[in-house]
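Colleague: I am new to this structure and would be grateful for a close look at a single part. Please describe the aromatic rings and their surroundings.

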Amino acid sequence: MATLSEEQPKKDPGQSSDLDQTSHPQATATGQSHPQPQPTTNYPNTTGYPPVMGYPYPQAPQGYASSYIGYPPNEYSSYAYSQAPTQSNVRCNSTFVRLVLLIMTIVALLTVSSTVALWYFLRPEAPAFRVDALSVSNFNTTNFDQTANWEANVTVENPNQKLKVSFNEIKSFVDYEGEYLAQSFANPLSLETKEHLVMNVKLSGNNAVEYAVDQKLVDDMARDRSRGSVIFRMRFLVSCTFRRGSWWKKSRTLKFRCERLKVEFAGGAGVGTLPVGRSWPCLTFV
């Protein structure tokens with residue numbers, strides 16, 4: 001009988017046999033073969049790291065809650081998204097803004113229209129001033145600021161047909177070549193519609209608010225007087241109120257300027273007057 005070693009073909013050195021290339025179960029002492037045990041791969045994941053992608057998460061052991069089970073998913077971000085303005089809110093806001101703008105436009109138009117209508121109905125006009133007479137007495141160019149006196153008759157007219165005018169304060173000035181000489185206050189007065197009256201204005205170089213006149217100015221006035229006339233200017237600063245019954249009134253401050261009042265001096269007398277029979281209308285500044 002041939003033995004196992006005799007039946008197997010011999011192999012050259014460096015050449016593997018078919019038995020080496022093929023796996024065979026190992027023989028036991030009794031001659032029976034058993035499959036080789038495979039390594040176990042289903043041990044639970046005890047390291048705490050997540051399992052490999054593609055495999056289900058292992059079940060948590062009984063008695064321990066999962067670290068993420070039971071918590072809501074990012075409640076802060078969901079709250080922020082829930083508070084975002086919706087299209088209906090934006091539409092309501094735009095509608096409210098348009099409504100407010102429309103109301104403001106209507107109010108502005110009504111205000112302008114009522115003002116224009118009231119102005120057209122009342123037609124307020126500024127009062128008129130004119131100088132009818134002016135005399136200068138005690139005119140002394142050597143000591144001018146102490147001895148010069150002016151007295152004027154000024155006609156004040158209310159041209160309005162529906163408004164009364166009250167003059168609450170009247171301040172008058174006299175100038176020479178644009179330089180202030182004297183000032184005074186006239187008595188308050190009131191004019192009905194289409195009414196006029198004559199206001200007497202007196203100014204003096206001795207008044208309480210005077211100031212010393214420059215000597216060059218005095219010399220210029222002396223030169224003009226030697227030629228026969230001196231040109232003065234009168235100004236009025238008036239605080240007045242326009243009134244229509246008890247339901248409408250408006251206060252204004254007006255300025256009047258009466259230019260080139262040529263006072264003539266006859267001979268060597270110290271009194272000068274405006275030419276008789278003439279009036280000098282004043283410019284009105286609103």
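Modeller: A charge is said to sit over a ring if NZ of Lys or CZ of Arg is within 6 Å of the ring centre and within 35 degrees of the ring normal. By that rule, Arg235 lies over the face of Phe173, at 4.5 Å from the ring centre. The charged end of Arg225 is placed over the ring of Phe265, 5.3 Å from its centre.

The model is a predicted one, in which local features need pLDDT of at least 70 and side-chain atom pairs count only at pLDDT 80 or more, while totals for chains, interfaces and linings use all residues. Residues are numbered from 1 along each chain as its sequence is written, and side-chain values use heavy atoms, with hydrogens and water left out. The pLDDT is the predictor's confidence in each residue, from 0 to 100; its mean over the chain is 76, and 64% of the residues reach 70 or more.

Rings of Phe, Tyr and Trp (its six-membered ring) pair if their centres lie within 6.5 Å; planes under 30 degrees apart count as stacked, over 60 as edge-to-face and the rest as tilted. The count by this rule is seven aromatic pairs. One of them joins Phe129 and Phe236, a tilted pair with 5.4 Å from centre to centre and 50 degrees between the planes. Phe129 belongs to strand 3 (residues 128-137) and Phe236 to strand 9 (residues 229-244), so this pair ties together parts that are 107 residues apart in sequence. Helices (H or I, at least four residues) and strands (E, at least two) are DSSP runs, numbered from the N terminus. Phe129 is buried at a relative accessible area of 2%, and Phe236 likewise counts as buried at 2%. Buried means under 20% relative accessible area, exposed over 50%, and partly exposed in between (1.4 Å probe, protein chains only).

A further pair brings Trp150 and Phe232 together: the ring centres are 5.9 Å apart and the planes stand at 80 degrees, so the pair is edge-to-face. Trp150 lies in strand 4 (residues 149-157) and Phe232 in strand 9, 82 residues apart, which makes this a link between distant parts of the chain. Trp150 is buried at 3% relative accessibility, and Phe232 is buried at 2%. Both rings also belong to one aromatic cluster, formed by Phe139, Trp150, Tyr176, Phe232 and Phe265.

In soluble globular proteins, nonpolar side chains tend to be buried together.

What surrounds Phe236, leaving aside its neighbours within four places in sequence? Its contacts (heavy atoms within 4.5 Å) include Phe129, Val154, Ile170, Met199, Leu254, Phe256 and Cys258. Met199 in turn is in contact with residues including Phe129, Ala152, Val156, Leu189 and Phe236.

Cys258 and Cys282 form it with their sulfur atoms 1.8 Å apart. Cys258 lies in strand 10 (residues 248-265) and Cys282 in the loop between strand 12 (280-281) and strand 13 (283-285), so the bond ties together parts that are 24 residues apart in sequence. Both Cys258 and Cys282 are buried.

Notes. Disulfide = S-S within 2.5 Å.
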